[in-house]
Structures are given as C-alpha cells and as structure tokens.
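Morning, everyone. I have one structure to go through, and I will keep it short. Please have a look at it first.

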Amino acid sequence: MSNLLRAELLKLRTTRTFVALVGVSLLLSLLVVVLTGLLSDRIAPEDASDLFTADFTGLFIMLLGVIGMAGEWRHRTITGTVLAAPDRLRLMAAKMLAYAAAGLLLSLIVTVTIMVVGAIIFSARGFEAVPFSDLADVLWRNLVVAALVGALGVGIGALLRNQVVAIVGVLILGFVIEPALFGLAPDVARFGPTQGAPSGIQDIEFFGEESDPLSPGAATLVMLGWIALFFAAAGVRLRRHDLV
Amino acid sequence: MAPVEVRDLSKRFGSVLAVNNLSFDIKAGRVTGFLGPNGAGKSTTLRALLGLVRPSTGTATFDGRHYEELERPSAKVGAVLEDASFHPGRTARNHLRVLAVTGDHPFERVDAVLADVGLTEAADRRVGGYSMGMRQRLGIAAALLGDPEVLILDEPTNGLDPPGIVWMRGLLRAQAARGRAVLVSSHLLAEVAQSVDDVVVISRGELRGHGTLESVLGGDEGLVTAVRAQDDERLTRALQAAGHTVKRSGDGLLVPGASPEQVGVVAGDAGVYLVGLAAQTRSLEQAFLALTGEATS
C-alpha cells in the first residue's frame with residue numbers, strides 16, 4: 001500500500017493539474033478576500049473568520065480528486081495503472097489517501113496565504129485583528145474538509161469514470177441541488193457532501209442564518225459515510241469492469 | 001508447469017462468445033507468435049491472462065498463479081498492449097518512475113530501460129509530444145522495467161520504422177535467449193515468421209493450431225509437393241522412412257518441404273507408380289488463411 005500511495009503522490013507531482021488547481025483556487029480565494037477587505041466599511045473578527053474558510057478550495061479539491069481518478073479513463077491510462085496495481089480496491093484506496101493529502105496541502109497553501117494577505121489588508125484599514133486562536137480553528141477545520149472532499153472526489157470519479165460527467169455532476173450538486181434542497185428540506189440538506197456537511201465541520205452558516213449545520217463531529221462522520229458509500233459502489237463497479 | 005498456461009478459457013460478452021475453450025502453454029526460452037484474424041479473440045485472451053478481463057470459465061495463469069495474485073506483477077510479467085496510453089502531461093522518465101515506485105524497482109532501472117529503447121534523450125519531454133514510434137518504445141520500456149520472466153506484446157511493431165522493427169526482432173530473440181517466455185500477438189505474418197519459434201493460431205475464439213511455426217503453418221514461402229500414387233500407403237511409408245512429413249489431402253498426399261524431384265526419387269526407389277506430381281508453393285498467408293478458415297481477398 002505504501003508503494004501505491006507513493007506512486008499516486010508522484011503522479012500528482014509530475015503533471016501540472018495540481019499546480020493549476022492550486023493557482024486557480026488561490027486566485028479566486030484571494031480575490032474574494034482582497035475585494036471584501038478593500039470594499040467593506042467594517043469587518044468584525046467573526047466575519048473575517050468566515051471569510052477565511054476558503055469556500056472555493058473545497059470545490060477545487062473535490063474536482064482534483066475527480067480528475068485524478070476519472071482522468072485514468074480519459075487518458076486511457078487505466079489499463080497500465082491496473083496492470084501495475086491489479087488489486088483495484090487497494091488502488092482506489094491509495095488514490096483516496098493521496099488526494100486527501102493533496103487536498104490538505106492545497107488547503108494549507110490557500111488558507112495560510114489568504115490569512116496573511118487578509119491580515120495585512122485588515123490591519124491597513126484599521127479593522128480589529130482576528131485572534132490567533134480563531135485563525136488556528138479555521139485552519140484545522142479547512143484541512144479536515146480538504147482531506148475529506150479530496151477522498152470523496154476520487155470516489156465520485158471512480159464511480160462515474162467519465163471526467164466531464166463527474167465534473168459537471170459535482171458542480172450541479174454543489175451549486176444547484178444542495179442549495180435547492182436547503183430551501184425544500186433544510187434538515188436533509190445539511191447532510192449534503194459538497195456544502196451541507198462541510199459547512200458543519202467548518203462551523204459556518206453556509207445557507208444563511210436560518211441554517212442549522214451539523215456539529216463538526218457529526219458532519220465528519222457524515223462525510224466519512226459518503227466516502228465509504230462511494231468507495232463501496234465504485235469498488236463493486238471497478239472489480240467487475242472488464243478493461244477491453 | 002509452463003510459465004504461461006491457458007486452460008479451457010472462455011469469455012462471453014453478452015451474446016458474443018469471444019473466446020471458446022482455449023488451451024495452450026507458452027514455453028520459457030522461446031518466442032511464441034499469437035496469430036489470428038481480426039476479431040479472433042487474441043486481445044481478449046491476452047487481457048484475460050493479464051487480469052484485465054474476467055474469464056467466463058477457465059483459467060489463465062503464470063506458474064500456476066493468476067495475474068492478480070502475483071506479489072510483484074511487473075517483476076513477473078511485462079506487457080505492451082495495443083491501446084496502451086500515457087498521460088500527455090507527464091514526461092517519459094516520470095511515467096517510468098511512477099511504475100518503478102509501484103513495482104518497487106530501483107530508479108536505476110528507469111535509466112537502463114530508457115537506454116535500451118533509445119529514449120534517453122527524449123526522456124524529459126512530455127509524452128504528449130511523442131511520435132507513435134516513441135510511444136511504442138516507451139510502452140516497451142515500461143514492460144521491461146521489472147526485468148520480467150514473461151513478456152506479452154500485442155502488435156509491438158505498430159508505429160515502428162524498419163530499423164525499429166529490426167530492433168524489436170532482436171529484442172524478442174534476446175529476451176528468449178535469456179530464458180524469458182515471450183508471447184507476441186501480431187497481424188504481420190512475414191514479420192512473425194522471422195521472429196518466432198512457436199505459434200498459437202486462433203480463429204473465431206477457438207484454437208486452430210499450436211506448435212512450432214513449421215508444423216503449424218509450414219514455414220514462410222514453404223515448398224509443398226502434391227502427389228497422387230497408385231499405392232498411397234506404400235508411398236507414405238517410403239516418404240516417412242526418408243524423413244519427410246506426409247499429410248493426406250483429398251485423394252492425394254501433400255509433402256511439405258520436399259520438391260517434386262525428391263518425392264519422385266523416393267517413389268522410384270520404393271517402386272511406387274505415380275499418377276500425379278506437382279509443386280505447390282504455399283505462402284505463409286495461404287497457410288494461415290487455410291488454417292483459420294478465412295476467405296482470401
């Protein structure tokens with residue numbers, strides 16, 4: 001397993017996909033922080049903390065996981081990958097761990113950067129500084145979400161296998177289905193894998209003041225449940241799939 | 001136990017029986033050609049052997065073990081498949097490094113196989129910019145990375161120029177000379193004839209012939225004499241005593257590898273009267289088509 005994990009991390013390091021997604025995620029997150037910092041009259045410390053949850057990052061990390069797995073079919077590398085690692089479940093598990101680690105790194109880079117830039121802007125504008133303990137709290141929650149959505153992305157990519165369908169599916173789920181579900185059944189929406197449960201871990205009211213997110217512990221278990229569900233479904237499909 | 005054993009292998013895709021009750025062995029130290037027309041079931045058989053396709057019935061094993069059960073598959077089996085592809089954004093060196101890490105091989109092997117296939121200078125270029133021949137060489141490098149005991153190659157000369165084809169032929173023979181079992185699937189019969197010791201011929205998913213190239217297909221451009229005699233049995237005994245192979249064909253005999261003159265001498269010495277005697281040059285292609293039952297174009 002350690003060889004498989006090292007190989008998947010090497011795959012991540014040796015293409016431009018990871019760097020590109022870090023760049024885009026960082027750019028968008030910085031844009032939000034900079035514009036908010038420059039255009040707001042006042043930002044309270046608790047609002048600044050919410051700003052640093054780097055919402056775009058979670059989505060990009062999930063897409064990274066999707067690309068990392070579904071990309072094996074897109075580039076027709078799945079045959080070579082399975083020849084090198086014929087135990088398909090271990091292969092998928094290794095990818096999930098690798099993309100959880102990649103998600104952690106991406107989130108660390110983005111979160112620390114926007115905190116530093118945000119702190120500089122807020123200080124220049126005379127806003128009250130965010131306590132270090134609050135920043136640390138935001139950081140670890142971001143990292144937990146990053147690891148979980150990275151692994152989940154791999155599971156989604158393994159189940160759907162078509163990279164375009166998987167990416168579009170994740171975007172629709174995150175921007176359309178889960179927000180719509182909140183309007184219809186908020187108690188159900190908070191279990192959603194792209195917005196609902198991550199909001200619980202990050203302790204933010206993603207759907208507004210009326211939302212009642214899960215506790216961080218419960219939300220983490222829900223996310224682990226989603227990962228297990230996709231792993232099981234994708235695992236069944238992967239093991240039965242004839243690579244012709 | 002042969003390095004590669006296929007026993008009663010069948011594979012059905014829905015209503016299509018792609019491989020039907022196939023059985024053959026591949027021996028170490030020999031190059032075996034795996035031949036058949038398009039759609040014969042060659043790729044399906046190779047993929048069943050490599051654990052990519054689940055057989056409907058039967059087994060395909062390496063020293064008695066299925067591919068998925070091998071502890072270090074790349075050290076046991078190296079494979080080049082026709083549709084093998086690479087991430088276009090990754091360099092050849094990094095592609096091989098990933099495989100080296102997966103298979104627990106030292107990075108020195110990466111440099112070694114790159115040199116073996118002549119890709120050292122292009123190793124740090126992204127594979128997306130490679131020609132078809134370069135991609136084929138990279139696939140071969142990947143197959144050789146673990147210095148495997150068994151080599152399986154599906155159409156390995158695709159994309160190679162004539163010097164590359166000659167190089168490939170030498171590679172296959174060198175691997176066999178080192179005691180490896182080499183299985184080559186190819187449509188290029190003339191090329192196969194120059195490279196292989198044994199052949200396995202399949203058609204419509206079924207085995208048509210298995211053995212040495214000479215015994216199964218009669219060799220490339222092999223001479224065959226057709227003869228009819230008053231006493232076929234006596235002539236057959238005389239020809240066999242003289243070291244010739246005799247096959248019955250219709251109302252006469254076929255003697256592969258013998259000229260009409262040679263057959264005539266044997267018949268004369270045995271006192272057998274001949275009714276008909278003619279040379280029948282049968283090309284490898286004709287032999288293959290006859291064996292597989294495919295219509296000539």
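What share of the contacts in chain B with a separation of 6 or more comes from residues 24 or more positions apart? In this predicted model, those residues account for 70% of such contacts.

Staying with chain B for the moment, we have 297 residues, of which 43% count as buried. Eleven helices and 13 strands are found in this chain. Along the principal axes, the C-alpha atoms of chain B fill a box of roughly 75 × 40 × 35 Å.

Now to one sheet in chain B. Three strands make an open sheet in the order β2-β1-β4, and the pairing is antiparallel. At the edges are β2 (16-26) and β4 (57-62) of chain B, each pairing on one side only. From one strand to the next, the twist averages 20°. Between β1 (residues 4-13) and β4 of chain B there are five bridges, in the antiparallel sense. As one position to look at, B:V6 has B:A60 in β4(B) as its bridge partner. Helix α1 (residues 42-49) of chain B packs on this sheet and touches β1, β2 and β4 of chain B. The direction of that helix makes about 115° with that of β1(B).

Last, the contact between the chains. Chain A puts in 23 residues and chain B 28. On the side of chain A that touches chain B, α1 (2-13) and α5 (78-84) of chain A each supply at least two residues. The most comes from α1(A), with six residues. By type, that side of chain A has ten nonpolar, seven polar and six charged residues.

That is what I have for today.

Notes: Residues numbered from 1 in each chain as written. Chains lettered and ligands numbered in written order. Predicted model: local features only at pLDDT ≥ 70, side-chain atom pairs only at ≥ 80, totals over all residues. Helix = DSSP H or I, 4+ residues; strand = E, 2+ residues; numbered from the N terminus. Buried ≥ 20, exposed ≤ 12 C-beta atoms within 10 Å, placed from the backbone. Contact = placed C-beta atoms within 7 Å. Nonpolar A, V, L, I, M, F, W, Y, C, P; charged D, E, K, R; others polar. Pairing = 2+ DSSP bridges. Axes fitted to C-alpha atoms, helices over the stretch in contact; angles between N-to-C directions.
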